[in-house]
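Let's take a walk through a protein model together, starting with its overall layout and then looking at the contacts between its parts. Keep the 3D view open while you read.

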Amino acid sequence: MRFSFFLREALGSIKRNWVMTMAAVITVFISTAILGAVLVTDRNLDRGATSLKNRVTIEVFIKDEAGPEGQQALEQKIAAMPEVKSFTYISKDEALERFKQRYGDRIVQNLPINPLPASFEIQVNDADQVEVVAQRFFDDPNVDNDKGTTNGVQYAQATVRKMLGTINLVEKVMWGVTAVFGIAAVLLISTTVRLSIFARRREIEIMRLVGATNWFIRWPFVLEGFMTGLVGAVLAALAVWGSNWTIFNWIKSTDLDYLSIEIYPLWLQTGVWPLGMLFTLALLGAVLGAVGSVFAMRRYLRV
């Protein structure tokens, strides 16, 4: 009976202040949608970063003069490195075939000899170990380094490092934007509830005079903020999940499939926090709404 009274009062207040309520719902929608986008982006950036790390390859070019003995020495050296996950020997003929497939036959058809060196392609266990492993070949006499250079060893560590740095910056910016909009949602819900309190100030005073407890007066306003936040957050969760699903299917049909993008669970995911998209954002939105209501009452409802 009492809950139905609180609910009726909250719905009546929402109806009376529907313009401000809609503004609060939209603000909660934006703030929780940004959080949802952060959750989806954060997970997929981590997966994409891992995928990029795993694709980092060190190419070690072998001098033609090194011969089979030099090749074998390099192979033994690579095999003995604990940081190496796998390696592949690419012969001169294989290197030429790859070149033809990438650039066509016309470039090499008039060459009297095959100018491309044999090489080893090395993958390491951790992308952070690439530079350490590569440096071990800079002064190797069997590696095809031009004098005074280390161009016989090729790897994309600098590019990957910049890309990972950019990913970290994007994540921090998105979390910051989420915090800003979360604060805005609390303040706007607080303003909406404050208008309700002002409109019912005489009724509240009468309730106090007849002995209503503080929480009896507060509960309709808390419920109003709770419902406002919940509605905005549920709409945001469905919008973010739908966008995630659309982007996932688009990427699956393109050459970017190697990034291993996944769909963030809508309902539940076991063993990890946060929960599924719907539950996480709904919980956050409800909390934002309730906190906004409490904040308004602490400042403007002197009970």
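## A tour of the fold

Starting at the N terminus, the elements of the protein chain follow the order α-α-β-α-β-α-β-α-β-α-α-α-α. Please keep in mind that this is a predicted model. In total, the protein chain has 9 helices and 4 strands. Of its 303 residues, 40% are buried. Among the contacts with a separation of 6 or more, 78% are between residues 24 or more positions apart.

## The sheet

In what order do the 4 strands stand in the sheet? They form an open sheet in the order β2-β3-β1-β4, with antiparallel pairing. The edge strands are β2 and β4, each of which pairs on one side only.

Now find β1 in your view. β1 and β3 are joined by 4 bridges in the antiparallel sense, while β1 and β4 also run antiparallel and are joined by 2 bridges. Another pair to find is Ile58 and its bridge partner in β3, Ile122.

## The cores

Ile58 and Ile122 turn up again inside the protein. The largest nonpolar core has 19 residues, and Ile58, Ile122 and Phe137 are those with the most contacts inside it. Two or more residues of this core come from each of β1, α3, β3 (119–124) and α5. In soluble globular proteins, nonpolar side chains tend to be buried together.

Which residues does Ile122 touch, leaving aside its neighbours within four places in sequence? Its contacts are Val56, Thr57, Ile58, Val60, Ile78, Val84, Ser86, Phe87 and Phe137. There is also a second, separate core of 14 residues, which includes Ala33, Val240, Leu266 and Leu281.

## Salt bridges across the chain

The structure holds 5 salt bridges. Here are three of them, with the N to O distance for each pair.

| Asp64 | Lys92 | 3.4 Å |

The side chains of Asp64 and Lys92 meet in a salt bridge. Asp64 is in the loop between β1 (58–61) and α3 (67–79), and Lys92 is in helix α4 (residues 92–103), so this pair ties together parts that are 28 residues apart in sequence. Lys92 is partly exposed, with a relative accessible area of 26%.

Because Lys77 lies in helix α3 and Asp140 in the loop between α5 (130–135) and β4 (153–154), the pair ties together parts that are 63 residues apart in sequence. Are these two residues buried or exposed? Lys77 is partly exposed at a relative accessible area of 27%, whereas Asp140 is buried at 11%.

With a relative accessibility of 15%, Glu83 counts as buried, because the cut-off for buried is under 20%. Arg136 is partly exposed, with a relative accessible area of 32%.

## Helices, inside and out

Next, look at helix α8 (residues 214–252), where Glu224 is found. Glu224 has a relative accessibility of 1% and counts as buried. How far apart in space are Glu224 and Ala290, C-alpha to C-alpha? The two are 8.0 Å apart in space, although 66 residues separate them in sequence.

Finally, turn to the surface. Trp18, Val19, Met22, Ile26, Ile30, Leu169, Val173, Val177, Val180 and Phe181 form a nonpolar patch there, and together they have about 920 Å² of accessible area. The elements that give two or more residues to the patch are α2 (18–54) and α6 (157–199). One of the patch residues is Val173, which lies in helix α6. Val173 is partly exposed, with a relative accessible area of 47%.

Technical notes: Residues are numbered from 1 along each chain as its sequence is written. This is a predicted model: local features need pLDDT of at least 70, side-chain atom pairs count only at pLDDT 80 or more; totals for chains, interfaces and linings use all residues. Side-chain values use heavy atoms; hydrogens and water are left out. A salt bridge is a side-chain nitrogen of Lys or Arg within 4 Å of a carboxyl oxygen of Asp or Glu. Buried means under 20% relative accessible area, exposed over 50%, partly exposed in between (1.4 Å probe, protein chains only). A nonpolar core is a set of buried Ala, Val, Leu, Ile, Met, Phe, Trp, Tyr and Cys residues joined through side-chain atoms within 4.5 Å. Contact means heavy atoms within 4.5 Å. Two strands pair if DSSP finds at least two bridges between them. Patches are made of residues with over 30% relative accessible area and no salt bridge: like charges are joined within 9 Å, nonpolar side chains (Val, Leu, Ile, Met, Phe, Trp, Tyr) within 5 Å. Accessible areas come from the Shrake-Rupley method with a 1.4 Å probe; for residues, only the protein chains shown count as cover.
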